[in-house]
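Subject: Structure handover

Hello,

Here is the structure we talked about, with notes on what was found in it. Please read them with the sequence open.

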Amino acid sequence: MRARLPLIAANWKMHKTAGEAHAFCDVALPRLLALTDDVEVALCPPFTALHAVAERVRATPVRLGAQDLHWERAGAFTGEVSGPMLVAAGCTYVIVGHSERRELFAETDDRVRRKVRAAFDAGLVPILCVGETLRERQDRLTEERIAAQLAEGTASITSEEAARLVIAYEPVWAIGTGRAATPEDARRVIGWIRDVMRQRFGPSADRMRIQYGGSVNPDNAAGFLQHPEIDGSLVGGASLDPEAFVRIVEAALPARV
């Protein structure tokens with residue numbers, strides 16, 4: 001029996017206009033709403049489609065999330081979006097430190113720490129992404145790299161906040177590379193992450209949800225999501241198709257005997 005409610009979060013990245021977001025919800029929402037007793041679902045569209053999705057999920061159990069935020073509440077930061085702005089748009093969750101932000105936009109562990117703090121201060125729940133590259137994996141630096149990301153990312157939060165935090169383990173080496181992580185790979189690293197968090201936050205770590213985020217699709221989702229140690233998934237490309245995304249959510253449901 002699961003100790004924590006799985007969270008399946010759709011990260012649409014730089015895809016979908018407001019109209020396309022409406023079309024996705026038209027297809028997916030009726031089916032998703034039938035599943036939310038046993039799994040939590042969040043949709044994370046680009047900023048320009050937040051209001052479109054908010055209109056559709058308002059007064060439902062499906063949550064709205066954003067893909068990033070700035071660490072300041074307001075100011076002269078052209079092109080940025082703050083935590084209070086996301087709350088006003090209807091967001092519950094915000095993704096912080098995604099591997100693409102770290103690699104393509106030079107996002108440092110220190111900036112990730114400030115964003116995690118800003119998310120909690122605004123009343124959002126951060127989904128903190130951590131993971132190792134192929135070179136780090138080959139050099140046997142997986143634990144060293146992720147430990148550093150965890151230490152910095154959670155440096156300014158309390159044990160109570162840690163219990164609400166969501167961590168997404170992204171094996172960067174398995175995303176879009178043709179290399180496949182196995183459910184056992186994910187279970188091992190996620191179990192290790194929880195042990196690290198227990199050392200820092202004690203029993204709060206047992207309430208923290210730790211997702212898997214490495215190229216999950218409808219064909220492999222059940223292998224990952226039926227592990228009781230894996231508390232859902234942060235889904236990228238497969239979340240763009242409503243049928244595929246619903247199938248992934250279904251894969252997280254409790255096994256029927």
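In helix H9, these residues are buried: Asp185, Ala186, Val189, Ile190, Gly191, Trp192, Ile193, Arg194, Val196, Met197 and Phe201. Buried means under 20% relative accessible area (1.4 Å probe, protein chains only). Helices are DSSP runs (H or I, at least four residues), numbered from the N terminus.

This is a predicted model, in which local features need pLDDT of at least 70, side-chain atom pairs count only at pLDDT 80 or more, and totals for chains, interfaces and linings use all residues. Residues are numbered from 1 along each chain as its sequence is written, and side-chain values use heavy atoms, with hydrogens and water left out.

Gly202 follows H9 and has a positive phi, near 65°.

Helix H5 (residues 109-122) packs on helix H7 (residues 142-153) at an angle of about 40°, with the axes 8 Å apart. The axes are lines fitted to C-alpha atoms over the stretch in contact, and angles run from 0 to 180 degrees between N-to-C directions. From H5, Asp109, Asp110, Arg113 and Val116 meet Arg145, Ala148, Gln149, Glu152 and Gly153 of H7; contact means heavy atoms within 4.5 Å.

Glu136 lies in helix H6 (residues 134-138). Glu136 counts as buried because its relative accessibility is 18%. Beyond its neighbours within four places in sequence, Glu136 contacts Gly131, Leu141, Thr142 and Arg145.

Regards

Definitions and conventions. Buried means under 20% relative accessible area, exposed over 50%, partly exposed in between (1.4 Å probe, protein chains only). Helices (H or I, at least four residues) and strands (E, at least two) are DSSP runs, numbered from the N terminus.
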